[in-house]
Amino acid sequence: EHGSVGPHMDQYDVFLIQGLGQRRWQISTDPVADDNVIPGIDLRIMRDFQPTDEWVLAPGDMLYLPPGVAHYGVALDDCMTFSVGFRTPTVSELLTGFLDELAGGLDERQRYHDPDLPLQAHPGEITAGARTRIRRIIRDALADDDAIDHWFGRYITENKSGQSAEPPDPPLSADAFLQRLRDAGALWRSEDARFTFIDDGAEEITLFVDGQAWPVPRTLVDAVATLCDRRRLSAGDFGAALQDATFIQLLGQLYNAGYLELPQEHSA
């Protein structure tokens, strides 16, 4: 009773789900100034909090908080509240992630050079010509949209939960997997794997799972979209794609990596 972490704010979407007992929530939609945040701690706890709205949540109730909305919850009795945060990458994380990968793929023989450098009146000056060369190097490296897209597909599906998918032992051949799928009649995606895809109109689309990329023929775009849209699927959801050897091979690879599961194995 009366338990609380204090008034604070988060920089991401938060869903507060009341599981047991009651908790009073106060929020403030006023902007939070930097000098109103206690320094030196990870949680952005506020020095001064003036609520603008208030609710009491009972079991089964949920409160949604957009990013930046200050909130203060106090238990009114023995209670349990589930806080589900939908964190998005910071701009810093996106930039450092892409640039780290970009730099790791460059040849060390690629260096800045200026063979036509004229004699300078002031040796300590960074001239307009040098600045132009540096800008060109950086802009050219960042101008590859395909590289950015495919890096992001891998980045956004990387496993961040700390729980890894468990591959089956032993792995199955494509034919053996197809027979198991037909017997089961259903296919589940692992809770520990994220699926997404890119369709940019080319002859191949790209499926991304757990930080990895699979090129897939465009003819299978509907089946891949279905795979990415739903966590639990029936064999019939894939339609004619289950007659396609390339698609069966793809599903078998994903199954052998632990990213897909058959229902009876999931419950075993």
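The side chains of Arg44 and Asp34 meet in a salt bridge, with 3.9 Å from N to O, where a salt bridge is taken as a side-chain nitrogen of Lys or Arg within 4 Å of a carboxyl oxygen of Asp or Glu. Arg44 lies in strand S4 (residues 44-45) and Asp34 in the loop between S3 and S4, so the pair ties together parts that are 10 residues apart in sequence. Helices (H or I, at least four residues) and strands (E, at least two) are DSSP runs, numbered from the N terminus. Arg44 counts as partly exposed at 26% relative accessibility, whereas Asp34 is exposed, with a relative accessible area of 65%; buried here means under 20% relative accessible area, exposed over 50%, and partly exposed in between, with a 1.4 Å probe and protein chains only.

The model is a predicted one, in which local features need pLDDT of at least 70 and side-chain atom pairs count only at pLDDT 80 or more, while totals for chains, interfaces and linings use all residues. Residues are numbered from 1 along each chain as its sequence is written, and side-chain values use heavy atoms, with hydrogens and water left out.

The protein is divided into domain 1 (3-85), domain 2 (91-108 + 124-157) and domain 3 (174-261), with bounds that come from an automatic or database domain assignment. The C-alpha centres of domain 1 and domain 2 lie 39 Å apart.

Strand S3 (residues 23-28) is mostly covered, since 5 of its 6 residues are buried. S3 is joined by 5 bridges to strand S5 (residues 53-57), and the two run antiparallel; strands are said to pair if DSSP finds at least two bridges between them. Within this pairing, Trp25 stands opposite Trp55 in S5. S3 also pairs with strand S7 (residues 70-75), again in the antiparallel sense, over 6 bridges, and there Ile27 stands opposite His71 in S7.

Another sheet is open and consists of 3 strands in the order S10-S11-S12, with antiparallel pairing. Strand S10 (195-198) and strand S12 (212-217) stand at its edges, each with a single partner strand, so one side of each is left without a neighbour in the sheet. Neighbouring strands of this sheet are turned by 25° against each other on average, direction ignored, the axes being lines fitted to C-alpha atoms, for helices over the stretch in contact, and angles running from 0 to 180 degrees between N-to-C directions. Strand S11 (residues 204-209) is joined to S12 by 6 bridges, and the two run antiparallel; the bridge partner of Val209 in S12 is Gln212.

Helix H3 (residues 145-157) lies across S10, S11 and S12 and runs at about 30° to S11. Helix H6 (residues 245-256) packs on the sheet as well, touching S10, S11 and S12, and its direction makes about 165° with that of S12.

Another joins the side chains of Asp107 and Arg109, at 2.6 Å from N to O; Asp107 counts as partly exposed at 30% relative accessibility, whereas Arg109 counts as exposed at 72%. Asp237 forms a salt bridge with Arg230, in which the closest N and O atoms are 3.0 Å apart. Asp237 is partly exposed, with a relative accessible area of 26%, and Arg230 likewise counts as partly exposed, at 38% relative accessibility.

Methods:
Contact = heavy atoms within 4.5 Å.
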